[in-house]
Amino acid sequence: MRKAKPRSLQHLLIRQFLLIAGLAVLIMTVLLVQWRLPVARQQTQAELARVADLALTQLERSLDNAEALTLALAQVVQGRLFMGRSLGAEGDFDQLMAQLVSSATLFDALYLVDDEFKIRAVSLASHIATPRTELLGNDLAGVEVLRRARQSWGMQWSDQFLSPTQGVPVVAVVVPLLGGMVMLELSVERLAGFASDPALRDRLLLLVVDRRGELVAAPQLEMVRQRANVADQSLVRAALQGQPVFGDLTYGGESFSGTVRRSQRLGWGLVVAYPQAVVQAPIRAAVAISLVTLGLALIGGVALAVVMARRVDRRVGETLAYAAAIAEGDYQARAQPSDLREIERINESLGAMASTIASRERDLASQEYQFRQLVENTADLVIYFDATGTITYSNPSADRILAAPGQSLVGVDVFALVVADELDKVRQWVVRSEGGDRSSYRDDTTMCTPDGHRHLVAWSATVERDAQGRPSLFRCIGQDVTQQRAAQEALRRSEARMRAIIDCSPTLSIQWYDRHGRVVDWNPATEVLVGWSREEAMGRTLDELVYTTRQQQDFVGWLAQIEQTGQPVGPLETEIRTRDGRTVTVLSTTFALPGDGGAPLFVSMDVDITDRKRAEAELRASEKRFQIMFDANPVALAVLRREGDDFIYLDVNQSWVHQLGYSREQVVGKRRSQRTVLAGEDHGDVAWRKLLAQLDHERMILHTESLLRRADGSTFISDGMIGLIDTEDGQLLMYSVHDVSDMRRMQVDLERLNAELEDRIVQGTASLTQANADLAQALRTLELAQERMLAQQDRLVQSEKLASLGSLVAGVAHELNTPIGNGLMAVSTLQDRVRAFEKKLGEGGLRRSDLEDFLRQAGTGCEIAARNIDRASHLISSFKQVAVDQTSDQRRSFELKEVVDEILLTLQPAIKRSGHHVVCDVPLGLMLDSYPGALGQVLTNLVQNAIVHGLEGRNDGRIEVSAEVTESGVELRVADNGRGIPEAVHRQVFDPFFTTKLGHGGSGLGLPIVRNIVTGALGGDIGFHNRPEGGVLFFVKLPRQAPSAPAAAPAGDAGRSAGNGAGARAVVEG
Amino acid sequence: MDPIRTPRQRALPATVRRWRMAALLLSSLLLGACDKPPLPLGFVGGLTGRAADLATSGRDAVLLAVEQVNAAGGIGGRPVTLVAADDQHDPLAARDAFQTLRTAQVELTIGPMTSAMAMELVPLANQSSMVLLSPTVTTSALTGLDDRFFRVIASTREYAIKSAAYHAGKSGLRRVAVVLDEGNAAFTERWLTDFEAEFARLGGTLVHRESYRFHADISFARLAERALQPAPDGVLVLASAADAALLTQQLRKLAPAVPVLASEWAATDQFVAMGGAAVEGVYVAQFMDWQSEAPRYLDFQAAFQQRYGRPAGFAAVAAYDAALVALEALRQRRAGEDLKDTLLRLRRFEGLQQPVEFDPSGDAQRETHITVVRGGRYLVQP
């Protein structure tokens, strides 16, 4: 849009003044035309109308005399004619006429005309010299008014015509008679005299025209004489038509305005007019005054406007100068004080603006400095280069990274910095920019320094253009992303590794879900766990796969909770349904990760804890069983925990409760010192300490007598076993209560009987015999009780064996899962290939390469399937052997390595879980004739002992199983690199119920059973020693041939061995 | 072509008229000087006096032509104004009239109407830049001269010879008395000379010659009496219409049967108006054909009747022809060209009844017709 050229303030003010003046003139003109002029015109017209009426009256009155004379004469003549006289025949008529003419100056000629239009008598005015008599008999038939009068029979006025006798212009009035006519002629001079009557106002034009428009009377006589015809004037025509209008008239070369009248009697017109100069004088005066006023107003207005404009201009000029000073940066300038409030306000505003600008400039300078500092100190690279590619600015970072050391990039060709591979890309962008492409440049470009280093720089460039739109400056800011890219690459690889780990993790099942619980992804471990492949699961919810509807609802609820709180959920135990219908317990933890589209991605990590659960359940069951046995034990037993010299009751069994009369609640948790039930109490502290000292030394005292007090206060003598057991929780004291009060009493009685016998020796020996019999009976009773207790222990050992078998089964089943699953997968893949091959065969698009592919895939698939099925078969047979061995205690000849391998195989799940590493170094060819089941149980317990005790709390343990031929047979070794066995408990290791894990899954029966089996059924020895490098080594010496008489139950042996206590052939080496 | 100017529309709204007046006033105040100046056209003739009918008719015809050309937009955008001067049939007045025309910057004047005045004015015109173009002057005295005098008519010679031939032949007149007006001797004497020569050649004789000069107490009865003294078989009257009519009145009273012959000078309606029944049967030579059916002539007659309320006579027709020539010459005049040269260059112009064609001396040919007054009208005689 074109901007109008600015005008000066002075110009504007003058124009506005002129506009106002012009408006006033316009209003004045409108008033003049619409009001003043019409009024003046009406006044003039009224005056004209008045004069016209007056003139018409005067004209008619001036003709009245002529008419009256003519009528009078006509009456006289008519009267004489009626009296029989003929026209012109009488001299007296002529005399009469002469008298009339001489006495009146009212006419120029008077004719008496007969019916033949012949002049019969004539009278001429005195100034006419024509001989009167000569005219008599002249024919006047050519006079039009006479003919008209004759036809109309009424008085007629003529138009102007040339007198038939004088040849000069006249008008005539004719009165017809019976037998003739009287005609009176009036010269136009007479009428002209009327028109120039001085009584009429000065300059008034008075015209009389006849019916043809010829002048009859006018101020100028010659015009009348010349018979001027003014009928061309519209006003005259209007007069002759009887329209009393106002109008303009041109007469004698002059313009007039006037009005007209028509004489009804004569048919003549009368024009009354003033020269237009006169009529329009007031109008001209008004217009002239208006113009003068206008002129004065304009001159005055312009002068005033100029003066005012200059004054305003001067004041504004001061402010303008002030503003200009500010504009040029002189913020200290001071405004001139003004007497105009607006100017003052402008000055104030300008002052405020100046201070604001000054403040902003300071800010700007500060910002510029800051910005400069930013650019100079930033790690980013900043480069400006011009259209030729020459760098015009570079910041220190750019110089440091891209320039030669200690030099600047300024003046360097920017293209020289770009590696050759990417030069085209950069050049293309520059060329595009020149072509008007507005796109900015954003790309990573590899830059090359003079010393050959390469830097990957992420550039962002903008183009500045000159007025013609050509690029003038390229501003580039870049970031050295070389290391960042390397880090990203490392991260990407790390992610790939992570993904590989996730995908390859055999036991950790990981799934990804969206917030609706739909599966987004899951790893192969999940596929193995649930049996659904990743492709099948994708997009489905878990209730379609492994969950019940209720579980799915809970799951989605958790997801919502996770999304809301951001906190992970779990670990939670969940039972899921696998594809093949199994119920598996998993421990899962679910947490949220930010997903790609902003929606969170939920990750669920599951561990199959079915086996562990089962083991735990079994352990609990085992503990319960132990508790039952403990409670059901007919021997009263109590367990206390040592705290210093004092003991606190942990538990007592029913038999104890029954014998001593205390309720369990009364005892458990109480200190021994608070009760007096324990043996030695009555003997005082000395005896108790002595007992404890003995215990600390011997760990177990099979027979100790104590006086115990029941709840009812009665006391009895107990001959029970008491032992100290070292556990991780401290030392436990266990003692059994065997009421031997009766026996003692019997002994007392015996002693008393002996004394009495001595007496009775005196008195007789008969009662002595009886006493012996009673004693024997009592001894039998005691032995019987002892046997019952041992039988109980055998059952306990048997159940432990079964529990071990159960865990074995679970391990084998788990181990089977892998080969069978692999085989299944291979077969199903093969099946798919077969189907695809069939389809392709049916379609006829089979090619040789397809056939070869199929054969190769089929071969591979079969090989995989066969290998896995073979492995499963091997596992099953091993398991079968182990199971048979362990349940049947069958004796057979076997290869030691096979058995060891099988056993280790069944232990594989537990080993894997623990994270330890098992190394087997058993040479082939070691054939034994023995009990492989018992041997398996030994090996199992030793390995588990290593895992549970020796390597507890670690996951990088190493367990070595090896065998060696010795003189007496074979030595089987199980070693670990754990913490070893404390010297203090070496003696107790093989004691039943000695455990460091009491209450934590340890039964205290594992090693006693092992020793029992080894020394029992297998006929060997067992021992151990801590290894110098750490850890413990158990060695089992076995004969090649197990001792005969295998009928002896190993459990029984074990029980007896345990019962023999320190007498067992266990070897503990230093 | 409507020769009458359309009457101004009076029904305009008052406001419009008011504003028009104001605009007129303003324009006259501010722009008056910008109007093109009018083009003056002169007329000279005896507008007053006894021969006034000839001049007034001529003036009226010229005025009509001027009004018509102005109604059509004037000449080159300039309106034409008619400056009419009265020579009063008097040599001194004629000089005054000529001066009046000169003062009015007139370059072309229609007139004069009578030969006597022409003899007075032509020398004046020859000394000036004015061109005289006469409708009716027929005197042979101006024939064949290279002067500034033009006429749309032939010389008396042709007309007199024709009248002589007619009356000597068809009328069978042999002895003719003549009454002539010496006030217009340039016409009457020339006319009579040419007539007499031809009349004598054809066997006729002028038995009496009665000359007069008009004065207030002149007696036409005595003139008639003397003309009839030798008992002519015809009386030739060479006078204006008024004089001829009055003389004829006297001749009829004295000798009703003697034929009266009149020249073209008397051939106006005034002759009939003043002569009444007395001029019935008078032979009058005419420059025009009263029975012409030429469209231009009929249009002119209608326009003239409309404008002036009376028919146009020969003077009007001739004057109108002269006005047509004059206006055309003004229209065709080249820049800086003498109007005399313009007229001679153009030479031929359209007239109402016949074309006007100048010879190099500025004379034209015009037919004459012998008419007889019958019932107040001129009837052309075969």
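Q: A polar contact is a pair of N or O atoms within 3.5 Å; how many residue pairs meet in this way between chain A and chain B?
A: In this predicted model, 14 residue pairs, both residues at pLDDT 80 or more, are in polar contact between the two chains. On the side of chain A that touches chain B, helix H1 (9–82) gives the largest share, six residues.

Q: What makes the meeting of B:Arg310 and A:Glu214 a salt bridge?
A: The cut-off from a Lys or Arg side-chain nitrogen to a carboxyl oxygen of Asp or Glu is 4 Å. Here the N to O distance is 3.7 Å, within that limit, so the pair qualifies. The count between chain A and chain B is two salt bridges.

Q: How much area is buried between chain A and chain B?
A: About 3500 Å², with 54% from carbon and sulfur atoms. A:Glu134, A:Asp139 and A:Gln226 supply 17% of what chain A buries against chain B, more than any other three residues.

Q: Why are S23 and S24 of chain A called edge strands?
A: The open sheet runs S23-S22-S26-S25-S24 in chain A, with antiparallel pairing. S23 (646–652) and S24 (700–709) each have a single partner strand, so one side of each lacks a neighbour in the sheet.

Q: How do you know that S22 and S26 of chain A pair?
A: Pairing takes at least two bridges, and these strands share six, in the antiparallel sense, so they meet the criterion. For example, A:Arg641 has A:Leu732 in S26(A) as its bridge partner.

Notes. Residues numbered from 1 in each chain as written. Chains lettered and ligands numbered in written order. Predicted model: local features only at pLDDT ≥ 70, side-chain atom pairs only at ≥ 80, totals over all residues. Heavy atoms only, no water. Helix = DSSP H or I, 4+ residues; strand = E, 2+ residues; numbered from the N terminus. Buried area = accessible area lost by both parts, 1.4 Å probe. Polar contact = N/O pair within 3.5 Å; in protein donor to acceptor, adjacent residues only side chain to side chain.
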